[in-house]
Amino acid sequence: MAKERRKAVLELLQRPANARCADCGAPDPDWASYTLGVFICLSCSGIHRNIPQVSKVKSVRLDAWDDAQVEFMTSRGNHVARAAFESKVPPFYYRPSASDCQLLREQWIRAKYERQEFTHPERQEPYSAGYREGFLWKRGRDNGQFLSRKFVLTEREGALKYFNRSDAKEPKAIMKIEHLNATFQPAKIGHPHGLQVTYLKDNSTRNIFVYHEDGKEMVDWFNALRAARFHYLQVAFPGASDADLVPKLSRNYLQEGYMEKTGPKQTEGFRKRWFTMDDRRLMYFKDPLDAFARGEVFIGSRESGYTVLDGLPPSTQGHHWPHGITIVTPERRFLLACETESEQRAWMEAFRKVVDRPMLPQEYAGEVGGAAWGPSPMAPSGPDRLAPCPFSSGSPLQAQTLARDGPGGLRAPDSPDVAGEAAVAGGRRDSAAPDMLRWGLSASG
């Protein structure tokens, strides 16, 4: 009899909706919450065990099942449970996958089943109100210490601000929502709730690193930032669907890690740098927690003839790591070296994902992550140096004008090359492309 009940539960896994974890989408779940009626993976089952007042779990294959539990699982399943617990998930709310950090998956599960935020919309106020204020621990740029700082997010002004003192009248930094990205980086920051926020300042990419002791508080900040970007883009592009906008709210990096690189003239020795592949932008930093990028390179597609990729070891002398990568763009030949063959393969795979993907019209203009990357009219002669040229734009209240008139061209860069390492990026502006394409908001993007 016990075998028949277990067999009945196993047969439920053959239903299409039950073939993946109800919470993170991992394939072949072999655990189940017999109080919620969902099939989940091993990793998510551990989170469910931490909320026993809501969810009780069993192994589908190893544990014994009684008739009432089998009957309940048959009547529910992932499809029915989603309809009940995810009926009112805001489009901007981040739905974690199996590859996301523990914090995102835990708070998603607690929000669904414990707090029931997606059946009671009034409980979503902490991240949907359009204004948020509070204190986060921020890493100091110079001393590396984390200090408590006041942060204010205001959709009306289209900005995230932080203040060095709670009574300060002027913010230390203003980060425009249109150029802002946030991604959880617990390993890099050294805290399970660590969040990296990236923005543009003086035409250069800047980073701040923050955390909060309360995991819910940190995830609420993350979703509040996504909500602000979502509402900004809704105003800027009233004809765009949610499916067009949601992928543009935040993004994880394709690859990160240390490599060695040549200097700008390739006659210098190799330098160890921390590299980040952010869609088509390859950025390098002095170390993983550097506040600003030392250089940025736009990686175009192979089919356009923009980028040539080669995995052969670089011939330049002076590097200490043997596994090389050569990247050639119209502006520059870039020689990199990895410490191990596995790291080289991982980076080559990340680069190939980008160069093998056809470029969309907005990418010919080099517009990545809300900023435009194009030839600078002030570039020197000889090997052209190209610098980031973000659109001139203001608060969400000005977005309607931007949507009507377009970005109005590129501004000349006003920041010098940092530490002698060229910030290079490039592309061509397709003036005939529609505004939606030039802003990187096509459905196929």
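Me: Which residues in helix 4 are buried?

Reply: The model under discussion is a predicted one. A residue is called buried when its relative accessible area is under 20%. In helix 4, the residues that are buried are Gly 77, Asn 78, Ala 81 and Phe 85.

Me: Within what arc do the buried residues of helix 4 fall, seen down its axis?

Reply: The buried residues of helix 4 are Gly 77, Asn 78, Ala 81 and Phe 85. They line one face of the helix, because seen down the axis of helix 4 they fall within an arc of 120 degrees.

Me: Which residues on the other side of helix 4 are exposed?

Reply: A residue counts as exposed when its relative accessible area is over 50%. What covers the buried residues of helix 4 includes strand 2, helix 3 and helix 5. On the other side of helix 4, the exposed residues are His 79 and Ala 83.

Me: What covers the buried residues of helix 1?

Reply: In helix 1, which spans residues 2–12, Arg 5, Val 9 and Leu 12 are buried. These residues are on the same side of helix 1, because they cover an arc of only 50 degrees around the axis. On the other side of helix 1, Lys 3, Glu 4 and Lys 7 are exposed. The cover over the buried residues of helix 1 includes strand 2 (38–40) and helix 3 (67–75).

Me: How are helix 2 and helix 5 oriented to each other: roughly parallel, roughly perpendicular or oblique?

Reply: Two packed helices are described by the angle between their axes and the distance between the axes. Helix 2 (residues 42–49) and helix 5 (residues 102–114) pack with their axes 10 Å apart, at an angle of about 55 degrees. Angles under 35 degrees count as roughly parallel and those from 65 to 115 as roughly perpendicular. Helix 2 and helix 5 are therefore oblique.

Me: Is the crossing of helix 2 and helix 5 left-handed or right-handed?

Reply: Ser 43, Cys 44, Ile 47 and His 48 in helix 2 meet residues of helix 5, among them Ile 109 and Tyr 113. The crossing of helix 2 and helix 5 is right-handed.

Me: Is Gln 107 buried or exposed?

Reply: Gln 107 has its place in helix 5. Beyond residues up to four places away in sequence, Gln 107 touches Tyr 93, Arg 115, Gly 215, Lys 216 and Val 219. Its relative accessibility is 6%, so Gln 107 counts as buried.

Me: What is the distance between the C-alpha atoms of Tyr 94 and Arg 105?

Reply: Tyr 94 lies in the loop between helix 4 (77–85) and helix 5. With a relative accessible area of 16%, Tyr 94 is buried. Leaving aside neighbours within four places in sequence, the contacts of Tyr 94 include Leu 104, Trp 108 and Phe 222. Tyr 94 and Arg 105 are 11 residues apart along the chain, and the separation of their C-alpha atoms is 9.9 Å.

Me: By about how much of helix 8 are Asp 220 and Lys 216 separated?

Reply: The side chains of Asp 220 and Lys 216 meet in a salt bridge, with an N to O distance of 2.6 Å. Asp 220 is buried at a relative accessible area of 4%, whereas Lys 216 is partly exposed at 24%. Because the two residues are 4 residues apart in helix 8 (residues 215–236), their separation is about one helical turn.

Me: How many residues apart are Arg 251 and Asp 278?

Reply: Arg 251 and Asp 278 form a salt bridge, and their closest N and O atoms are 2.7 Å apart. The pair links distant parts of the chain, since Arg 251 is in the loop between helix 9 (242–245) and strand 11 (255–261), Asp 278 is in strand 12 (residues 271–278), and the two are 27 residues apart.

Me: What is the relative accessibility of Asp 278?

Reply: Arg 251 is buried, with a relative accessible area of 18%. Asp 278 also counts as buried, and its relative accessibility is 0%.

Me: How many salt bridges are counted?

Reply: One of the salt bridges joins Arg 165 and Asp 167, both of which are exposed. Asp 23, Glu 86, Arg 95 and Lys 112 are linked in a network of salt bridges. The count of salt bridges comes to 21.

Conventions: Residues are numbered from 1 along each chain as its sequence is written. This is a predicted model: local features need pLDDT of at least 70, side-chain atom pairs count only at pLDDT 80 or more; totals for chains, interfaces and linings use all residues. Side-chain values use heavy atoms; hydrogens and water are left out. Buried means under 20% relative accessible area, exposed over 50%, partly exposed in between (1.4 Å probe, protein chains only). The arc is that of the directions from the helix axis to the C-beta atoms. Contact means heavy atoms within 4.5 Å. A salt bridge is a side-chain nitrogen of Lys or Arg within 4 Å of a carboxyl oxygen of Asp or Glu. Axes are lines fitted to C-alpha atoms, for helices over the stretch in contact, and angles run from 0 to 180 degrees between N-to-C directions. Angles under 35 degrees count as roughly parallel, over 145 as roughly antiparallel, 65 to 115 as roughly perpendicular and the rest as oblique. A crossing is left-handed if the near helix is turned anticlockwise from the far one by less than a right angle, and right-handed if clockwise.
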